[in-house]
Amino acid sequence: MKHIKYILLSLLICSTFSCKKEFLTLQPQGELTEAQLTTQDGVEGLLVGAYGLLNGNVNGTYGNYGAAPSQWLFGEVASDNAHKGSEIGDQPPMNAIEQHAPTSTNDNLSNIWDRCFEGIQRCNNTLKILANLQAGQGTAKFSDARAKEIQGETRLLRAHYYFFLVRIFKVVPYITEATSGTFVPNDKDIYPNIVDDLQFAVANLSTTKPKNQKGRVDKYAAQAYLGKVFLYQKKYPEAYDLLNAVILAKPSLIDMPYSDNFDITKEDGPETIMSVQHSVGTDGTGGDNGNVGDILNFPYGNAPINCCGFFQPTIDLANSFKVSAVGLPLLDGSYRTNPYKSDYGLTEADKINYAVDKTLPLDPRIESTIGRRGVPYRDWGIMPGDTWIRDASNGGPFLAVKNTIDVAQISSGTAPGTTNVTGLNVNLIRLGDVYLMAAECAVEKGDLARALTLVNAVRARAAKITPRDINGVPAAAYKVSEYVSFPNDTYARNAVRFERRLELAMEGHRFFDLVRWGIAKQTLESYFAFEGGYFNYLKGITIEARDDYFPLPQDQIDRSKGTLKQSPGY
């Protein structure tokens, strides 16, 4: 791909200036040839480059929002968990994602498509050059064991990029290091190819990582990812075996503090299965290796870190953290009765006298997920309401928390000259997620007792969260209890699904979960009816079958001269 870019640049230069014939035969400066890369160092460097696209960033720190590894836009804003936030006129293509009305020219779609295929190309280049090296081209070969490990790492990464694409677009062309020809049609189910890559990774990766290289994928990441893909295919026995293997190999979840997952000083802990590594400050990139996909998603106004007011939790999500008198989720939907909406809708006079309701029965995970007025927000102080919100009439009264960092961490955890390009990693898969995926498989296998054990383990960990307090008084009537039983599969299924929402809210999973469960239409239309009572732009939205996916970028279809076909229904 780089060769093509350089040739085009050379032709452009020669059309502008007089060039001798031999100009085009010179080796482009600043680019290594294939022969130069056919070394052990060359292959290892290509592999690092394949990892590099995990953060969705190629050229600079702006504009890569659709490719954010957190999948905040497609996984959360497209669901019932989050609003785009900010102002209605800021990033209008994102409004179309939230309202399920995108066109094929939406720049967020091009963004995720381009970044993932750049990652795939890097993987394919790594595999190609590795094969050449092992075939005797270039310098000394790798040992067979290391060659297999490199293949395993690379194929897992390739599977990841394709998985992100197929969840969003459904119909995706499959390109490998052996693909020839100009364009490849997107007329086949590529899940078997993803599975094949992940099975190779499971078979060839070790359970240990090289020293000081925590970001490398390993056998556990491969098992968990393959289990996840099987779950999406509804292959529950196969998924359960893999997920359970990871659970049995790891320490107990209850000993891993929930908030550690969102603490820059405690990342890569025992709960991390596969994460996107972010670094700032000392790497010389000016922030390009930071968490650039989430740079818009900080509070606004006079908040200690303030840009740019996007990614706000919904009123519906906030209310889902309500619990019953015995400390269980309100699975029957009654959490929407007498909804808690902080100071939203109050007059300015009433807002002056607002006080948080400390008697509200809540799951304590709400405070690690949602910033709400009157309650301490990380180490920033009491969340003051509107002065930290860009436009409450558009995004609501709540703030995201999991993607932010403490004020005390700004000097070491942000890129030079910024506060909103952080070094906070993004967990693609963590152990709490694995527990709940395994619980889901157990329900579908008819093992309700095992599902109960797994869900209760997640809830037992949540019950250990230190209550948030205001002047020594808890900010809510926090309570988390374990389920006594799952009386039938319907109840168990609902409990597992609701627990996934509570445990993983704002982490990029929700919309894709609704789609694979086959309940996106009923859930989202119910949500729009409720949330539309507060935000006119959500009123009356209906969901069609095609809305389980998004349209392919039109520019890609045009370039393929019709080889690529649009997503069904668009």
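Colleague: Leaving aside neighbours within four places in sequence, which residues is D80 in contact with?

Modeller: First, the conventions. This is a predicted model in which local features need pLDDT of at least 70 and side-chain atom pairs count only at pLDDT 80 or more, while totals for chains, interfaces and linings use all residues. Residues are numbered from 1 along each chain as its sequence is written, and side-chain values use heavy atoms, with hydrogens and water left out. Contact means heavy atoms within 4.5 Å. Beyond those sequence neighbours, D80 contacts T314, D316, L317, R501, R510, L514, T523, L524 and Y527.

Colleague: Where is D80 found, and does it count as buried or exposed?

Modeller: Helices (DSSP runs of H or I, at least four residues) and strands (DSSP runs of E, at least two) are numbered from the N terminus. D80 sits in the loop between α4 (72-77) and β1 (82-85). As for burial, buried means under 20% relative accessible area, exposed over 50%, and partly exposed in between, with a 1.4 Å probe and protein chains only. D80 counts as buried because its relative accessibility is 2%.

Colleague: How should I read I470, and which residues is it in contact with?

Modeller: I470 belongs to strand β8 (residues 469-470). With 12% relative accessibility, I470 counts as buried. Outside four places in sequence, its contacts are V356, K358, G374, V375, P376 and A475.

Colleague: Which residues have the most contacts inside the largest nonpolar core?

Modeller: A nonpolar core is a set of buried Ala, Val, Leu, Ile, Met, Phe, Trp, Tyr and Cys residues joined through side-chain atoms within 4.5 Å. The largest one has 156 residues, and L156 and V434 have the most contacts inside it. Helix α7 (residues 144-169) gives the most to this core, 13 residues. Apart from this core lies another, of 15 residues, among them W388, A392, I410 and L424. The residues that L156 touches, not counting those up to four places away in sequence, include L198, L205, V217, Y225 and M274.

Colleague: How many cavities of 30 Å³ or more are there?

Modeller: The general idea is that rolling a probe the size of a water molecule over the atoms shows where empty space is left. On a 1 Å grid over the protein atoms alone, a cavity is a set of points where a 1.4 Å probe fits but cannot get out; a pocket is an open set with protein on both sides within 12 Å along at least five of seven lines; lining residues have an atom within 4 Å of a point. Grid points are joined across faces, edges and corners, and a volume is the space filled by probe spheres set on the points. By this rule there are eight cavities of 30 Å³ or more.

Colleague: Which element gives the most to the lining of the second largest cavity?

Modeller: That is β7 (426-430), which gives four residues. The second largest cavity holds about 110 Å³ of space. Of its 14 lining residues, F164, R167, K228, L428 and H509 are closest to the centre. For classes, Ala, Val, Leu, Ile, Met, Phe, Trp, Tyr, Cys and Pro count as nonpolar, Asp, Glu, Lys and Arg as charged, and the others, Gly among them, as polar. The lining of this cavity has six nonpolar, five polar and three charged residues.

Colleague: Why is β7 largely enclosed by the rest of the structure, and which strand is joined to it?

Modeller: Five of the five residues of β7 are buried, so β7 is largely enclosed. Two strands pair if DSSP finds at least two bridges between them. Strand β2 (residues 272-276) is joined to β7 by four bridges, and the two run antiparallel. Within this pairing, V276 stands opposite V426 in β7.

Colleague: Which element supplies the largest share of the lining of the second largest pocket?

Modeller: α3 (40-52) supplies it, with four residues. The pocket has a volume of about 650 Å³ and is lined by 23 residues, of which V48, Y51, G52, Q277 and N289 lie nearest its centre. By class, that lining divides into six nonpolar, 12 polar and five charged residues.

Colleague: Which peptide bond is cis, and what is the phi of N338?

Modeller: The bond from C307 to C308 is cis, with omega near 0°. C308 is in the loop between β2 and β3 (310-313). N338 is not a glycine, yet its phi is positive, about 50°. N338 counts as exposed because its relative accessibility is 68%.
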